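I set out to record what I looked up in this structure, entry by entry. The notes follow the order in which I worked.

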Amino acid sequence: MKNMFRGILILNLGGVSAQDYSKIVRKYNVFSHVVFVDGVSAEKVKELNPEGIVLCGKTSAEETLNIDKQIFELGIPVLTIEDGTSVVASLFGEAAKAQVATEEENIESQLTNFMFDICNCKKDWTAENFIDKSTEETKAQVGDGSVLLGLSGGVDSTVTAALLYKAIGSRLHCVFVDHGFMRKGEPELVKKIFTEYFPVSLTCVDARQRFMDKLKDVNDPEKKRKIIGAEFIEVFKEEAKKLGKLDHFAQGTIYPDIIESGTAGAGKLVKSHHNVGGLPKELGFTSLVEPLKYLFKPEVRKIGSALGLPDEFVLRQPFPGPGLSVRCLGILTPERVDLVRESDAILREEIAKAGLQQFADQYFTVLPGIRSVGVKDGERVFYEAIAIRAVKTTDFMTADWVYYPKELLNTISNRILNEVPGINRVLLDISPKPPASIEWE
């Protein structure tokens with residue numbers, strides 16, 4: 001938030017509603033920044049220099065929050081929503097309540113009135129303004145130095161590459177690591193995109209075996225993510241040495257990664273993201289460059305379009321950094337990962353044939369580690385199940401499940417059962433986020 005846009009600081013008491021309010025604020029081209037209120041100092045708030053503060057969320061009777069009263073004495077307008085009202089009352093007494101939104105259905109109008117009538121916010125949170133300011137900040141941060149970008153080939157790292165290329169040109173060096181958990185045909189596509197269509201310096205590393213070796217016998221999803229993150233660091237460190245002296249390290253971290261990882265005061269841990277947690281000292285770089293770290297996924301796509309990237313870049317579905325390793329629950333083997341890869345390819349192929357690519361914002365298959373009795377060629381078998389996950393969402397912080405036409409699901413199921421050896425059951429995940437997450441691990 002500092003040196004970029006002022007906007008609204010959202011102090012979160014708990015729960016997921018803070019992200020919803022953040023989305024509403026940004027819908028009106030005003031920047032918003034979510035911070036978990038516990039332990040945040042008035043000095044930190046002054047440093048962020050917001051035009052207004054929203055105190056919202058739910059508190060727990062079992063939880064004691066450390067709230068700095070001086071935050072509310074800075075002269076910055078405050079709007080309280082949900083338990084924010086009672087928290088302020090407990091701190092200062094009933095007579096000192098900040099302006100209160102009491103009717104849930106009017107929260108959006110309350111927020112807009114607060115932003116524009118009380119805080120006089122500017123509508124400067126636009127793709128064009130972001131690109132200009134991000135370019136300026138990158139130039140200032142990098143100076144005459146060079147940048148190594150960990151490129152996954154997904155939307156986030158692609159837009160990061162485009163932004164950095166705009167700012168520093170040929171001083172950007174991209175490294176793509178094939179960890180063996182990409183979707184079918186994706187490593188080849190990444191290489192094609194970043195050699196034929198996008199003129200960056202690209203190094204491709206085949207690290208499939210070393211990642212699988214590191215993950216041998218690992219069952220816990222958090223351990224998987226942390227091992228993959230650590231191994232990525234090792235690979236990048238090795239490649240950086242081969243490329244010679246590079247000054248800065250870049251990655252495509254976005255705002256939900258930070259929030260879900262419980263870092264930067266944004267909230268509590270939902271799941272670890274390997275690209276969150278700061279710059280590891282052992283890499284030896286001067287600084288970490290993360291131009292997208294305050295953007296939600298739809299905003300990343302807008303930035304990509306504004307930069308002139310074609311739809312094949314911008315509209316690609318999000319894909320977790322650990323890839324299929326977190327869509328294959330339980331112990332990883334090349335054979336089990338292939339079950340996910342092949343079934344996922346069938347799902348995407350049939351959805352494309354039906355012209356329903358935009359019907360859901362994300363769709364994929366999962367190997368949940370469930371075995372069941374079935375019949376194959378007249379004999380009893382004990383095979384694995386595959387689950388189909390498809391969701392509709394605006395920011396990937398909340399989501400609802402999607403139900404495809406029965407005929408399409410029937411075709412997908414039949415193809416998976418007939419073409420993917422070792423699968424005898426296809427399941428459909430109809431869980432919203434929350435309480436479920438979009439990914440299974």
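**Entry 1**

I noted the terms used here: buried means under 20% relative accessible area, exposed over 50%, and partly exposed in between, with a 1.4 Å probe and protein chains only. I also noted that this is a predicted model, in which local features need pLDDT of at least 70 and side-chain atom pairs count only at pLDDT 80 or more, while totals for chains, interfaces and linings use all residues. Residues are numbered from 1 along each chain as its sequence is written, and side-chain values use heavy atoms, with hydrogens and water left out.

Which residue meets the side chain of Glu441 in a salt bridge? I found Lys224, at 3.1 Å from N to O. A salt bridge is here a side-chain nitrogen of Lys or Arg within 4 Å of a carboxyl oxygen of Asp or Glu. Glu441 lies in the segment after E15 and Lys224 in helix H9 (residues 221-243), so the pair ties together parts that are 217 residues apart in sequence. Helices (H or I, at least four residues) and strands (E, at least two) are DSSP runs, numbered from the N terminus. Lys224 is buried as well, with a relative accessible area of 0%. By the salt-bridge rule I recorded a count of 25.

**Entry 2: Arg415 between two glutamates**

I then turned to Arg415. Glu349 forms a salt bridge with Arg415, and the closest N and O atoms are 3.2 Å apart. Glu349 lies in helix H13 and Arg415 in helix H14 (residues 406-419), so this pair ties together parts that are 66 residues apart in sequence. I noted Glu349 as partly exposed at 37% relative accessibility, and Arg415 as buried at 17%.

Arg415 also forms a salt bridge with Glu350, where the closest N and O atoms are 2.8 Å apart. Glu350 is in helix H13 and Arg415 in helix H14, so here the parts tied together are 65 residues apart in sequence. Both Arg415 and Glu350 are buried. Salt bridges that share partners join Glu349, Glu350, Lys353, Arg415 and Glu419 into one network.

**Entry 3: Ser343 in helix H13**

Is Ser343 buried or exposed? I found Ser343 buried, with a relative accessible area of 0%. Ser343 lies in helix H13 (residues 334-353). Its side chain reaches the backbone oxygen of Val340 at 3.1 Å; this is a polar contact, meaning a pair of N or O atoms within 3.5 Å, where within protein one must be able to donate a hydrogen and the other to accept it, and residues adjacent in sequence count only if both atoms are side-chain atoms. I recalled that an α-helix has 3.6 residues a turn, so residues three or four places apart point the same way.

**Entry 4: Surface patches**

I looked up two patches. Patches are made of residues with over 30% relative accessible area and no salt bridge; like charges are joined within 9 Å, and nonpolar side chains (Val, Leu, Ile, Met, Phe, Trp, Tyr) within 5 Å. Glu128, Asp132, Glu136 and Glu137 gather in a surface patch of negative charge. Of these I checked Glu137, which is found in helix H5 (residues 127-142) and counts as partly exposed at 32% relative accessibility.

The nonpolar patch on the surface is formed by Trp401, Tyr403, Leu428 and Ile430, with about 370 Å² of accessible area together. Ile430 is found in the segment after strand E15 (423-429) and is partly exposed, with a relative accessible area of 46%.

**Entry 5: Backbone geometry**

Which peptide bonds did I record as cis? The bond from Lys433 to Pro434 is cis, with omega near -15°, and a cis bond joins Pro434 and Pro435, with omega about 15°.

I recorded positive phi values next. Asn120, in the loop between helix H4 (107-118) and H5, has phi near 55° and is exposed, with a relative accessible area of 54%. Asp377 has phi near 55°; Asp377 is found in the loop between strand E12 (371-376) and strand E13 (379-392) and is exposed at 75% relative accessible area. Just after H3, Gly93 takes a positive phi of about 95°. In helix H3 (residues 84-92), the buried residues are Gly84, Thr85, Val87, Val88 and Ala89.

Terms used: Accessible areas come from the Shrake-Rupley method with a 1.4 Å probe; for residues, only the protein chains shown count as cover. Lys and Arg count as positive and Asp and Glu as negative; His and the chain ends are not counted. The place of a charge is taken as NZ of Lys, CZ of Arg, CG of Asp or CD of Glu.
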